[in-house]
Amino acid sequence: MSNAIILVIDDNPAVATALSVLFSLHDFDTIHADTPEGGLSMLERRDVDLVIQDMNFTEDTTSGEEGEALFATIRERFPDLPVILLTAWTQLSSAVDLVKAGASDYIGKPWDDRKLLASVANLIELGRSRQVLKARDAADRRSQQSLRERFDLCGMVFADPATERMLSLACQVARADVPVLITGPNGAGKECIASIIQANSAVKGGPFVTVNCGALPSELIEAELFGAEAGAYTGASKARQGKFEAADGGTLFLDEIGNLPPNGQMKLLRVLETGRFSRLGSNSEKQVKVRVISATNADLPAMIRDGSFREDLFYRLNVIEVELPPLAKRPADILPLARLFLGDEHELGPDAEAALMHYRWPGNVRELKNVMQRARLLASRPVVSAADLGLPAATAAAAVVGMADDDPDAQDIRAALERAGGVIAQAAAELGLSRQALYRRTDRLGIERS
Ligand SMILES: Nc1ncnc2c1ncn2[C@@H]1O[C@H](COP(=O)(O)OP(=O)(O)O)[C@@H](O)[C@H]1O
Ligand SMILES: [Mg+2]
């Protein structure tokens, strides 16, 4: 990366020279303007990383008004640019007000070189990491947009790169006629993904039939999947069509596949191998063309090891695995989803946003949907507060403390580093730690920093 550029706006050439010598020793390039107008026009022309500005530019003035006006203009035109105010001690109180108004720091004249350098180095690193993150966000948004243009995402809402990667895989495999296994915890959106795969497949015009393998008693599974002739079992007074027949020319979605009992597993394997089956109580075979998508929250490899799931069936179903992460592992999805479920008549207050981001969402998107629908009914004002969400008390308290929490745990740190894309200054700022404190904690907790 090229040297950072610092613009000094000060009518005193001695100040500009002293600063430029100091900064050149630390690989910062300095440019200089001696009037506010000159400084503003340099900002239009050059890519400046940081401004150091004086508060008075006309001889014998000490009011600081010129500096305040300059600062206000810079903030308006370049909202993200860090600005350090160089101020005489007599104007300390107005400098403090300006810092509250968004100045990054103030330094008293005569300045202390070490303090000034530390502030400059910190602000430049923070500013650059913000730029990196902004560029990355823009790139993420572009690729998410292109995914939305190329595929039918069935109204699914997402913003997290992890979700985008998963969706992009799902859409790519949708066209191929291969079985897909969707894995992920309850409420994460597995059924949504199954319908997206169907909507982008060659059989999108065909039926989409769902079987919940967990909801059926084992003796009914066969009749459900393959159908039965009249009288095939007690209570079967009429012939019935099974789900495989119903899904012919389309997609059969086998939800909770880990709950399929052993006899069902065996029968299913046979159809998948041959495409042929017969109704219960019938001798004649039927042939169907069905795209099979299955989903589970179970650890199928562990079930194979303990003998409760057939390994051969697993390989048949799991030609492609689409792994849907829990909501907590794709934090950028939380607020967009919350707004979707909250509807247009309410908005989220800042404390509610903090509480939503801190909660771990064991019930994933389904739980978030319930929480937001309840808040929508119960909130008395249009701006929903943390209290309206009714999240477990420990979490709500943690959200409030979280902002000033000086002891984040390993999980908080990993999450912050991930969100910051490994940019230490950004993660530290988010955690309210100094960079050094964050380094110490990652070392102590054995956390990799990138
Ligand atoms: N990304 C999403 N955008 C919008 N709604 C979603 C999203 N993910 C999940 N949902 C909703 O959350 C609920 C749970 O999703 P579902 O697909 O049933 O989860 P799973 O099958 O993994 O248990 C459903 O009401 C679903 O419509
Ligand atoms: Mg489900």
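Biologist: What should I keep in mind about numbering and confidence?
Modeller: Residues are numbered from 1 along each chain as its sequence is written, and chains are lettered from A and ligands numbered from 1 in the order in which they are written. Since the model is predicted, local features need pLDDT of at least 70 and side-chain atom pairs count only at pLDDT 80 or more, while totals for chains, interfaces and linings use all residues.

Biologist: How is the chain divided into domains?
Modeller: There's domain 1 (4-131), domain 2 (157-325), domain 3 (328-400) and domain 4 (410-445). Those bounds come from an automatic or database domain assignment. The C-alpha centres of domain 1 and domain 4 lie 28 Å apart.

Biologist: Which residues does V203 touch?
Modeller: Not counting residues up to four places away in sequence, V203 touches G249, G250, T251 and R291. Contact here takes C-beta atoms, placed from the backbone, within 7 Å. V203 and R291 are 88 residues apart along the chain, yet their C-alpha atoms are separated by 8.0 Å.

Biologist: How do you know that β7 and β10 pair?
Modeller: Two strands pair if DSSP finds at least two bridges between them. β7 and β10 are joined by 5 bridges and run parallel, with V209 standing opposite L252 in β10. Strand β10 (residues 251-255) is also joined to strand β13 (residues 291-296), by 4 parallel bridges. There T251 stands opposite R291, and V292 is the bridge partner of L252.

Biologist: Why is β10 called largely enclosed?
Modeller: Because 5 of the 5 residues of β10 are buried. T251, F253 and D255 point one way and L252 and L254 the other, and all are buried. In a regular strand the side chains alternate between the two faces of the sheet.

Biologist: What makes β7 and β14 edge strands?
Modeller: The open sheet has 5 strands in the order β7-β10-β13-β6-β14, with parallel pairing. β7 (208-212) and β14 (320-323) each have a single partner strand, so one side of each is left without a neighbour in the sheet. The twist averages 20° from one strand to the next.

Biologist: What partners does β3 have?
Modeller: Strand β1 (residues 4-9) pairs with β3 in the parallel sense over 4 bridges, and β3 pairs with strand β4 (residues 83-88), also parallel, over 3 bridges. I52 stands opposite I84 in β4. From β3 the chain crosses through helix α3 (residues 65-77) to β4, and this β-α-β crossover is right-handed, meaning that, with the strands pointing away from the viewer, the path from the first strand over the helix to the second runs clockwise.

Biologist: What counts as the largest nonpolar core?
Modeller: A nonpolar core is a set of buried Ala, Val, Leu, Ile, Met, Phe, Trp, Tyr and Cys residues joined through C-beta atoms within 7 Å. The largest one has 63 residues, and A170, I182 and I193 touch the most other members. Helix α6 (residues 161-175) gives the largest share, 6 residues.

Biologist: Why is α19 said to be largely enclosed?
Modeller: In helix α19 (residues 424-431), 6 of the 8 residues are buried, so the rest of the structure largely encloses it. The buried ones are I424, A425, Q426, A427, A428 and L431, and their cover includes α5 (113-150), α18 (410-419) and α20 (435-445).

Conventions:
Helices (H or I, at least four residues) and strands (E, at least two) are DSSP runs, numbered from the N terminus. A residue is buried if 20 or more other C-beta atoms lie within 10 Å of its own, exposed if 12 or fewer, and partly exposed in between; C-beta atoms are placed from the backbone. Axes are lines fitted to C-alpha atoms, for helices over the stretch in contact, and angles run from 0 to 180 degrees between N-to-C directions. Two residues are in contact if their C-beta atoms, placed from the backbone, lie within 7 Å.
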